[in-house]
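Dear colleague,

I am passing on the structure we spoke about, and you will find it just below this paragraph. After it I have set out what I found, chain by chain and then contact by contact.

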Amino acid sequence: MWINMGPQHPMTHGLWNLRVKIDGEIVRDIDPEMGYLHRGIEKISEDRHYNEIITLMDRTCYVAGIAWEHLYIQAAEKALHVVPPERTLYLRVLVEEMQRLASHIMWYAAFVQDLGLMSPFLYGMRDRDLLLDHFQSFTGGRLTYEYMRVGGVRNDLPPGTTDRIRKTMDWLMDRFAEYDRLCLGSQIFRTRCDDLGVLKAKDCVTYGVTGPMLRAAGVKRDLRKDRPYAAYDRLEFDIALADTADVTARYLVRMEEMRQSVRIIRQVVDWLDHHPGPVMAANVPRWLGAPYAPIGHEGYLLKRHYSKGVGLSAIEEPHGEATAYVVNEGGEHPYRVKFRSPVFVNLSAAKSYLVGYHVADIPPIMGSVDVCVGEVDR
Amino acid sequence: MSTPATPVVAAAPAVPAIPPSPTEPAITEPGVPFVEIEGLRSQQFIPAAKEALLSLLAEQGQGKVIRPVFNWAGRNSLFPLHWGLACCAIEFASAFGARWDAERFGVVPRSSPRQCDLLIVNGTVTWKVAHKLITLYEQMPEPKWVIAMGNCATGGGPFRTAYSVVPGVDKLVPVDVYIAGCPPRPEALLDGILKLEELIRERRE
Amino acid sequence: MSVQSLYGVASLIATTLASLVPGVPGYLVTLLADLIFGAILLAASMINTIVLIWYERKLLGRFMDRRGAMHVGYAGLLQNFADGLKLFRKNTYMPSEADRLGFYTGPTAYMVSSLVIFGVLPISTGWDNGSLPLSLLLALVIFSFAPLFIFISAWSSNNKYSLMGGMRSAAQMIAYEVPILIAVVAVVVVSGSFDLTTIVMEQQNYWFAIPLVLALIVFVAGMLAEMERIPFDLPEAEAELVEGWNTEYGGMLFAFFMLADYLRALIGSILIVLLFLGGWTLPTYVPSALTNFPLAGIFWFMVKTYLVFGVFVWVRASLPRVRTDQLLRVGWLRMVPLALASVVLAAALVVVKCLPLIGCVPGIGS
Amino acid sequence: MAEEGVGALLRGKLPDAVLTVEPFDGTLGRVTFAPSHALEVFRAVRDDLGFAHLSFVGGIDWVAEREVVYLLWSDERKAYLLLSTRLDAKDAHVESATPLWPSANWHEREAWEMVDITFDHHPDLRHLLMPDGYAFHPLLRSFKLHEPEELEVKTRRV
């Protein structure tokens with residue numbers, strides 16, 4: 001019997017359709033149906049200024065907007081040959097790690113709700129709002145920030161932000177212990193999640209699965225360590241690892257990553273306190289700084305060709321490895337923008353970790369994958 | 001700045017006492033009951049009850065008795081459909097979080113469209129999902145309302161030029177309240193829901 | 001005729017009304033008294049249920065660091081009345097392929113079967129409708145009708161999710177019916193009666209929760225499964241089955257389901273209070289000031305019931321959901337042996353006539 | 001040094017297949033190969049050079065011809081490698097990488113529906129993001145975007 005889980009279904013956490021062939025309560029076959037949220041971001045990008053695309057990047061993955069800004073900005077800077085100043089790199093690490101925290105807390109909230117735990121959803125949303133408050137204080141947005149610019153970031157932190165961030169980090173560390181008590185301390189949680197949705201290391205590599213799912217299988221791959229970008233090579237942190245490759249392992253990896261993020265953020269705010277400086281590169285062309293040119297000036301702007309170039313960037317997004325490929329053929333619009341979404345690939349391997357389990361196991365397994373449909377469909 | 005705040009209640013004008021209406025004779029003796037029960041026999045009871053019932057029904061015909069009660073009930077318990085489309089869905093979830101807690105107003109999301117009164121279109125609607133949205137809308141029992149949350153649902157938002165995006169959900173279903181913002185903050189969503197409640201009261205549905 | 005009991009009140013009203021109309025035959029007065037008794041019971045149980053829903057929402061809100069309903073009526077007390085009235089007004093849709101008879105009778109029968117149980121539950125001394133010798137058995141029998149009606153309504157709504165929810169519901173309820181009944185046998189062995197009033201009266205000296213703690217655990221777990229609450233709410237598991245067996249129900253029929261669920265939760269709490277927590281009585285050694293005020297029995301009864309339900313809400317706020325096969329395995333492999341062990345313990349207790357902690361009680365097992 | 005290494009190694013193994021090797025910022029290099037030798041290149045890269053992880057497959061429309069870009073990652077080298085091949089726009093087809101890297105599956109489906117590149121021997125080449133039967137390929141340069149006011153939206157109320 002085929003049943004449709006989606007597009008309107010509490011399990012999906014977004015807009016997609018999981019077609020499931022069941023035999024009693026056992027899953028025999030699945031077929032994910034994507035594209036319900038396909039907004040053509042790659043096509044629209046060909047029609048936009050480089051800085052205008054940042055707006056789209058926030059909406060590509062709406063739980064990790066700033067990570068995608070970071071991804072795109074790195075590729076665009078390479079394509080346009082712009083080098084950002086050092087303080088910017090630390091600021092970018094700060095916001096990316098805070099975004100990772102916010103995204104993982106959002107994942108926690110959604111995941112435990114799939115398991116039927118009701119209160120941690122509220123706890124997660126409550127703690128996530130504290131992080132969003134910080135984002136509001138220096139970007140102005142709760143969810144869509146438009147914080148980064150080609151060549152830097154829009155503005156520096158307002159005074160006193162670093163102290164407030166430190167306080168929030170202390171609060172969050174206590175809350176993580178509480179999360180663990182609620183989940184790992186519960187026998188039912190362990191019974192539900194152990195040996196569930198197993199995807200071994202070999203299959204992970206074959207199917208191209210990345211991110212916490214891969215590290216939960218024991219593969220030590222983290223682009224922040226392996227291929228350091230921004231200021232990650234100057235910061236101390238560990239890669240979260242687990243080896244059972246099941247839902248519990250993914251839970252443990254994400255919780256450990258959150259703790260590591262707190263560790264990184266503490267280092268970064270210490271650095272930021274002692275190293276003031278500019279946050280915008282000096283060699284950014286004027287038309288990039290002011291993307292909204294007055295009407296009639298487009299022709300003038302178009303003449304200011306920048307040298308051609310192709311930029312490739314890869315970052316460790318909260319969901320996994322994300323890459324951007326930006327082709328600059330001169331002019332103010334990119335010629336082609338191609339994004340690699342980690343969830344896109346993690347979902348394409350869904351058959352290998354869903355078949356054979358129960359129908360009731362689908363929500364926790366898909367919850368442990370952390371689906372963000374915005375970046376899958378783009 | 002440091003002067004003690006004057007009590008606001010004292011400053012406000014006192015409510016004037018309602019003067020007794022000249023047409024109605026005031027009841028002076030406290031012991032006299034308003035309706036004499038002793039004279040009410042069963043022969044008189046049935047016509048009296050019938051008359052009372054008929055007058056109630058007549059007023060109900062003008063929508064004065066029952067309808068406001070149901071209107072009050074309907075506007076105070078709006079169950080939205082538990083459906084996340086895009087970015088606004090995250091703010092939609094935030095609105096049910098601890099800080100905003102939309103359940104204060106009796107707003108409880110339900111997963112089945114049969115049990116919902118309110119379709120909150122919280123995100124970009126693509127042509128691929130359009131007919132599913134219409135199906136969901138039609139599965140909801142009357143009376144029902146639609147809130148277009150965010151710029152995408154209102155008019156396509158930043159993706160209005162895209163080939164796959166419906167430029168405004170009002171092309172598909174009738175919309176009662178539009179909420180601006182990309183995405184709107186949870187306060188804006190709550191405000192939209194309260195606006196909808198006012199709308200229901202004004203329309204006397 | 002004593003006004004001490006609820007039925008006495010009903011009879012008084014009936015005779016007063018009958019005196020207005022001359023020449024009413026006696027059997028009609030009795031019928032009228034029955035009807036009024038039923039109406040009072042119905043209204044009381046419905047209002048109680050609605051307040052129970054409010055209580056759960058507020059309590060759940062506090063567990064979740066928020067407030068719950070608070071803007072409709074004082075502290076949101078009228079919220080559930082608004083919900084009910086709204087659902088009453090909503091259109092009732094029936095899917096075109098649904099089975100008409102089952103679609104409408106299922107929820108109604110579910111609701112009615114839950115309401116009927118209130119007729120046999122004693123509330124307080126003198127306020128019950130006279131004691132039936134087998135009231136406990138009758139209550140449990142009616143209580144176990146529910147899976148049938150759930151399955152009928154799930155099957156007839158012609159929805160795959162509903163069907164799966166109905167199947168799960170039937171399997172789960174049947175699996176947990178057995179340990180519940182065996183655990184009840186332990187109580188019956190100790191108290192020597194199937195009459196709920198007698199069972200409560202037997203608990204004057206000590207509550208059965210103390211010697212029969214094993215049976216209490218089994219009974220509470222079984223009741224959680226019977227009430228379909230987290231962690232055993234698989235039939236309406238929101239995450240995978242959209243709304244479980246009531247996916248296709250809207251409007252008043254959905255309100256029936258909702259109300260009946262909470263009615264069953266109320267009945268479950270009441271049964272636990274009656275069987276294990278001394279019903280409306282307090283132990284004899286508490287200060288008499290606690291029991292010497294009007295309606296003290298009902299007061300303590302309600303306090304205990306709401307506290308027990310509060311525990312259920314607490315469980316709901318803090319535990320995840322289990323899986324069907326795990327649930328059934330626990331039910332058949334753990335609960336049934338535990339329940340049997342509790343019966344053996346109860347029998348031993350009756351023979352030895354001693355309690356582990358309290359010491360030997362002469363009146364036990366009489 | 002390493003940048004020269006992988007490209008040179010590949011060129012030494014498959015002199016016919018590899019057309020150019022050039023340095024590319026952030027990777028071990030960008031290797032352009034002839035589409036007719038796609039499978040050999042894939043095998044050599046995966047089995048001999050150890051690039052077990054395929055990051056993405058993307059198509060680019062250069063009007064006259066179409067480019068397919070493969071990004072690969074090796075856990076041993078901890079570096080990316082960019083493969084690229086150019087196809088004729090009139091008859092754009094290349095061997096599918098899905099049998100070797102299952103992760104290419106959805107990427108190739110997307111490239112097929114967006115940039116109109118056919119992947120031979122793909123197990124399941126059908127629409128992914130657009131509805132079934134969608135006749136256009138949106139990421140081609142010839143596909144223009146419009147403001148919604150310019151389009152006439154026809155919907156039918158039932």
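**What I found**

Chain D contains 3 helices and 7 strands, and from the N terminus on these elements follow the order α-β-β-α-β-β-β-β-α-β. Please keep in mind throughout that this is a predicted model. Of the 158 residues in chain D, 42% are buried, and when one considers the contacts in chain D between residues at least 6 apart in sequence, 50% of them join residues at least 24 apart.

For chain C the mean pLDDT is 81, with 92% of the residues reaching 70 or more. Among the elements of chain C, helix α10 (residues 251-276) has the highest mean pLDDT, at 88, whereas strand β2 (residues 359-360) has the lowest, at 59, and I would ask you to read the strand with that value in mind.

Within chain C, one helix pair deserves a description of its own. Helix α4 (residues 100-116) of chain C packs against helix α6 (residues 146-156) of chain C at an angle of about 160°, and their axes are 8 Å apart. Because angles over 145 degrees count as roughly antiparallel, α4(C) is described as roughly antiparallel to α6(C). The crossing of the two helices, α4(C) and α6(C), is left-handed. On the α4(C) side the contact includes C:F103, C:P107 and C:Y110, while on the α6(C) side C:F149, C:I152 and C:W155 are among the residues that take part. By class, the residues of this contact between α4(C) and α6(C) comprise 9 nonpolar and 6 polar, with no charged residue.

Turning to the contacts between chains, 31 residues of chain C are in contact with 21 residues of chain B. On the side of chain C that touches chain B, the elements giving two or more residues are α3 (79-89) and α10 of chain C, and of these α3(C) gives the most, with 6 residues. That side of chain C is made up of 12 nonpolar, 9 polar and 10 charged residues.

The contact between chains A and B takes 28 residues from chain A and 30 residues from chain B. Here, on the side of chain A that touches chain B, two or more residues come from each of α1 (41-45), α2 (53-60) and α5 (119-139) of chain A, and the largest share, 4 residues, comes from α5(A). The residues on that side of chain A divide into 12 nonpolar, 9 polar and 7 charged.

With best wishes

How values were computed: Residues numbered from 1 in each chain as written. Chains lettered and ligands numbered in written order. Predicted model: local features only at pLDDT ≥ 70, side-chain atom pairs only at ≥ 80, totals over all residues. pLDDT = per-residue confidence, 0-100. Contact = placed C-beta atoms within 7 Å. Nonpolar A, V, L, I, M, F, W, Y, C, P; charged D, E, K, R; others polar. Buried ≥ 20, exposed ≤ 12 C-beta atoms within 10 Å, placed from the backbone. Axes fitted to C-alpha atoms, helices over the stretch in contact; angles between N-to-C directions. Parallel < 35°, antiparallel > 145°, perpendicular 65-115°, else oblique. Left-handed = near helix turned anticlockwise from the far one by under 90°.
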